[in-house]
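These are my notes on the two-chain model you sent. They are set out as numbered points, starting with a question.

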Amino acid sequence: MLEIRNLSASVDGAAILNGIDLAVPRGEVHAIMGPNGSGKSTLSYVLSGREDYEVTGGTVLFEGRDLLAMEPEARAAAGLFLAFQYPVELPGVGNANFMRTALNAVRRARGEEELDAVQFLKIARAAVKQLAMPDDMLKRNVNVGFSGGEKKRNEMLQMAILKPKLAILDETDSGLDIDALKIVAEGVNAQRGPDFTALVITHYQRLLDHIVPDRVHVLANGRIVRSGGPELAHELEARGYAGFADAA
Amino acid sequence: MNAVQAAGAASFLGRFEGLRERLPGDREIRDRAAAAFRAGGFPTVRDEAWKYTSLRPVTEASFYEPLLSVADGGDLLAELPVLDGPRLVFLDGRFRPQLSVLPENIEVGTFAETAVFGRLARPDRDPLVALNTMLTEDGAVIGVPDGVDAGLLQLVSIATDVPGRAVAFHPRHCIRLGRGARLMLLEMSGGGGTYLHNPVTEAYVADGAVLVHVRLQDESRTAYHLSTLYAEVARGGTYDSFNLNLGARVARTEVHARLKGERSATHLNGAQMLGGTQHGDFTTIVSHDAPSCASRQTVKNVLSGRARGVFQGKIEVARAAQKTDGYQMNQALLLSPEAEIDSKPQLEIYADDVKCSHGATVGELDAEQLFYLRSRGIPEAEARSILVRAFLTEALDAIGDDTVRASLDRAVDAWWGKQAA
């Protein structure tokens with residue numbers, strides 16, 4: 001599903017990623033853990049196509065396609081979804097309209113028929129119910145005045161509606177908010193299945209109590225320094241990152 | 001009168017000499033206006049009030065007097081987002097009963113019939129008002145009696161396109177609201193080709209009356225729109241306006257609002273969306289003459305291409321106007337490196353117990369917001385348009401009436417359609 005080969009990237013001329021190799025097979029959930037400054041957020045932004053990150057080497061294949069050559073919107077249409085660590089507020093943009101525009105853009109790019117407002121609301125209301133969100137969530141402006149937890153829920157709502165093949169969850173610093181983590185975990189677990197692949201990026205092991213990953217990778221100094229099963233997360237929790245940073 | 005005209009102020013003065021005997025109303029007022037215009041001519045960028053707006057394209061062009069138009073104007077009217085209900089339609093500055101739907105609950109007439117100049121306009125100080133006073137032939141005269149809620153009335157100006165024969169017209173409108181009266185006036189102007197639309201409006205808002213004045217300026221992209229409005233608000237009254245400027249090659253919307261009675265209020269909100277080489281100037285002068293009055297202004301500009309937006313906002317607070325509450329905000333979104341905004345707030349305060357603030361912001365579209373939308377699959381062009389619309393939506397939210405709001409939304413949609421084309 002996702003194959004990252006020797007990926008290097010820099011921000012403002014500073015090298016952050018220094019040759020990442022990582023393969024995530026279809027239907028699996030992988031976690032990337034690492035100390036602050038190891039390049040976790042940079043990896044998520046490079047994969048989703050943010051402009052201010054410069055790829056200096058390597059390739060990323062998404063279902064065999066060159067992901068790095070695609071515009072952010074084309075990546076979304078191909079089935080990639082980034083759940084933002086800090087979702088952006090969009091004053092003046094209604095949540096329902098925003099999600100329908102997004103869903104229809106993705107459907108259009110895939111050659112599928114667009115949905116009218118009634119068809120969309122049916123899907124959206126079902127997703128809202130499934131995530132136990134308040135009904136007025138769709139009527140409000142995107143993330144404006146939302147609590148931290150509501151913003152996370154709104155990300156999970158978008159994920160439920162867009163039904164990506166690969167979700168990247170950037171939860172780098174949000175480990176401190178246990179409620180937010182649970183919301184993200186519920187969102188991921190609801191999607192889990194043979195057609196849903198996820199890359200969960202986190203600093204703390206706690207999130208992985210709620211989303212049990214198939215594989216755990218440790219990122220240090222812009223490289224994957226160790227990979228293992230879910231037990232690796234517990235080892236990190238006990239020992240900390242110190243030893244791994246040296247290994248890089 | 002159909003001969004080719006000399007350009008500039010001289011041609012308008014020449015026309016006045018030719019028409020002088022036949023124009024309706026007080027000849028002395030017209031002569032004084034002509035004398036003022038003869039002495040001063042068109043303003044130039046050397047005049048402080050016109051520093052950012054050059055009228056050179058207007059003064060260098062030749063304009064003709066409107067013919068008694070044979071066009072029925074129905075096609076031009078259909079291009080504006082006119083609502084059902086009463087409307088007064090002016091074609092090339094002249095009242096067109098065939099296109100109008102007269103209201104039943106209020107008194108309406110025309111300047112051509114009444115020929116009464118009001119006392120608010122200042123031809124001695126404002127050159128375009130002098131030009132208007134000198135040459136005006138027609139306009140709307142609207143009166144809402146004491147205590148009457150007149151609902152919605154539309155005032156529409158359309159200009160016909162006669163290639164090679166650009167016309168100039170100078171309508172003179174007067175709106176009077178009696179004590180406790182209410183009116184929602186939706187004014188819109190459009191047309192085809194090149195022309196000069198130079199209206200002067202006087203609005204008298206009596207004690208406790210509320211005039212909501214929503215204006216859509218959607219003139220032809222090769223036309224000139226130079227409008228001046230004077231509003232006078234008595235005790236407890238409100239003049240609440242929203243000005244949406246989308247059209248014209250060069251446009252200036254100048255509003256003088258005088259809060260004359262205690263606890264009166266005015267809102268001079270607006271938005272300008274300009275592209276190409278359009279120039280749009282929104283100039284306001286709010287005079288707080290009495291205590292405990294409030295003025296509010298939020299103006300948003302969306303500028304693309306090489307468009308230039310101007311906002312000049314002056315708040316004058318007289319010595320007697322204690323407890324004044326004045327607020328002014330101008331925000332601009334620049335969508336291209338060549339777009340420009342000039343923002344000039346001005347406070348003149350002679351009272352000591354007042355609360356006045358002003359602010360201005362200039363920016364581009366937010367990169368984080370744009371990325372967020374694109375990461376959800378929305379193509380860049382569509383994402384940009386969503387963010388621009390959102391910026392404007394916040395300005396248009398100032399319009400409380402849903403039907404009128406929908407009318408302006410239609411105009412904004414059409415503007416986008418033209419940009420994309």
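In what order do the ten strands of the open sheet in chain B run?

1. The order is E2-E1-E5-E8-E11-E13-E15-E17-E19-E21 in chain B, and the pairing is mixed. Strands pair if DSSP finds at least two bridges between them; strands (E, at least two residues) and helices (H or I, at least four) are DSSP runs, numbered from the N terminus. Strand E2 (94-95) and strand E21 (354-363) of chain B are the edges, each pairing on one side only.

2. On provenance: this is a predicted model, in which local features need pLDDT of at least 70 and side-chain atom pairs count only at pLDDT 80 or more, while totals for chains, interfaces and linings use all residues. Residues are numbered from 1 along each chain as its sequence is written, chains are lettered from A and ligands numbered from 1 in the order in which they are written, and side-chain values use heavy atoms, with hydrogens and water left out.

3. At one end of the chain B order, strand E1 (residues 87-91) of chain B and E2(B) are antiparallel and share two bridges. Within E2(B), Arg94(B) is the residue opposite Leu91(B). Helix H8 (residues 380-396) of chain B packs on the sheet and touches strand E13 (238-245), strand E15 (265-274), strand E17 (294-303) and strand E19 (324-334) of chain B. The direction of H8(B) makes about 160° with that of E17(B); axes are lines fitted to C-alpha atoms, for helices over the stretch in contact, and angles run from 0 to 180 degrees between N-to-C directions.

4. Chain A has an open sheet of four strands, E2-E1-E4-E5, with antiparallel pairing. Its edge strands are E2 (14-24) and E5 (65-66) of chain A. Seven bridges join strand E1 (residues 2-11) and strand E4 (residues 54-62) of chain A, and Arg5(A) has Thr59(A) in E4(A) as its bridge partner. H1(A) lies across E1, E2 and E4 of chain A, at about 110° to E1(A).

5. The interface involves 31 residues from chain A and 18 residues from chain B, with contact meaning heavy atoms within 4.5 Å. The two chains bury about 2,000 Å² between them, 62% of it on carbon and sulfur atoms; buried area is the accessible area (1.4 Å probe) that two parts lose on being put together, summed over both. In chain A, Arg50(A), Glu73(A) and Val88(A) lose the most area to chain B, together 25% of what that side buries.

6. Six salt bridges are counted between chain A and chain B, a salt bridge being a side-chain nitrogen of Lys or Arg within 4 Å of a carboxyl oxygen of Asp or Glu. Arg376(B) and Glu155(A) form a salt bridge through their side chains, at 2.7 Å from N to O.

7. Over all chains, the whole structure has 49 salt bridges. Glu63(A) and Lys165(A) form a salt bridge, with their closest N and O atoms 2.9 Å apart. This pair links distant parts of the chain, 102 residues apart: Glu63(A) is in the loop between E4 and E5 of chain A, and Lys165(A) is in the loop between H5 and strand E9 (166-171) of chain A.
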